[in-house]
Amino acid sequence: MRLAVCLLLVSFVAACGRGESPLDVRGGAVLHTKRPDRTPIGEALTPDARYPTGTRLVLRAGGVRVLSTGLDAAGGPALSYDDPPRVYFTGRASLDEPYAIYACDLDGSRREVVVLGERDVAEPAVLPDGRIVHMGRLPEPGPRGDAWALFVSAGDGTVGARITFGTGLEVDPDVLPDGRVVYGQWQPEPEGLWRFTVHPDGTGVQRLDESEGGGAYEPEDEVVVGARTRPQGHLSCVQA
């Protein structure tokens, strides 16, 4: 999950709005998750704890626009490599539906569900080839309650293929500049979440060296290791 600042400031060369009042994102645009209160996320790992009812995905760029209008909850934005980029985020339509992964344009238009399963899916990150890596809830219990693993989806509405088979708690995926996926995995010895990396095909699992930003972390920590540069510039994603 992208807690605190997770990418960089925006410097786009073109506007993105297509609505009646398009937002100009040539400078200073920020995407952020706005929670309904100011309580800290703490050790929350599940989307219902991170993004409760009333959490909104907001774009601030010379004005304020809610990109998740009509959804019960939404948050955790990630960007595609398109120019201009698409926004991917965790959300749910109503209390009695599982969390899904949505995509939309920067003005909130063309919103669609791109990953949906029988159980919650959350925390998307976009691979350079356009596929989506995300965490998905498993049917069996895990070391801290619910079990989670990472999956890679084509964005066709399905959960996709599972790529991690660790301790039953693999969370918070993101993509390194070299294409590897970095994520948190629960370890019993020493107990806690530790950063690991894996290739998108599920091979090459290894603990991330501390010299590369690895080591233990808490869920409220920033977990992105290396900002992802795109030709059109950078857009900051902030959790608030």
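Student: Which residues does Arg 86 touch, leaving out those up to four places away in sequence?
Tutor: Arg 86 touches Ala 78, Leu 79, Ser 80, Ala 103, Cys 104, Asp 105, Ser 109, Arg 110 and Glu 112, where a contact means heavy atoms within 4.5 Å. This is a predicted model, in which local features need pLDDT of at least 70 and side-chain atom pairs count only at pLDDT 80 or more, while totals for chains, interfaces and linings use all residues. Residues are numbered from 1 along each chain as its sequence is written, and side-chain values use heavy atoms, with hydrogens and water left out.

Student: Is Arg 86 buried or exposed?
Tutor: Arg 86 counts as buried because its relative accessibility is 8%; buried means under 20% relative accessible area, exposed over 50%, and partly exposed in between, with a 1.4 Å probe and protein chains only.

Student: And which side chains make polar contacts with Arg 86?
Tutor: The side chain of Arg 86 has a polar contact of 2.9 Å with that of Asp 105, and another of 2.9 Å with that of Glu 112. A polar contact here is a pair of N or O atoms within 3.5 Å; within protein, one must be able to donate a hydrogen and the other to accept it, and residues adjacent in sequence count only if both atoms are side-chain atoms.

Student: Why is β5 described as largely enclosed?
Tutor: Strand β5 (residues 87–92) is largely enclosed by the rest of the structure because six of its six residues are buried. Val 87, Phe 89 and Gly 91 cover one side, and Tyr 88, Thr 90 and Arg 92 the other.

Student: What does β5 pair with?
Tutor: β5 runs antiparallel to β4 (residues 73–79), joined by five bridges, and also pairs in the antiparallel sense with β6 (residues 100–104) over five bridges; two strands pair if DSSP finds at least two bridges between them. Gly 91 is the bridge partner of Ala 74, and Ala 100 in β6 is the bridge partner of Gly 91.

Methods. Helix = DSSP H or I, 4+ residues; strand = E, 2+ residues; numbered from the N terminus.
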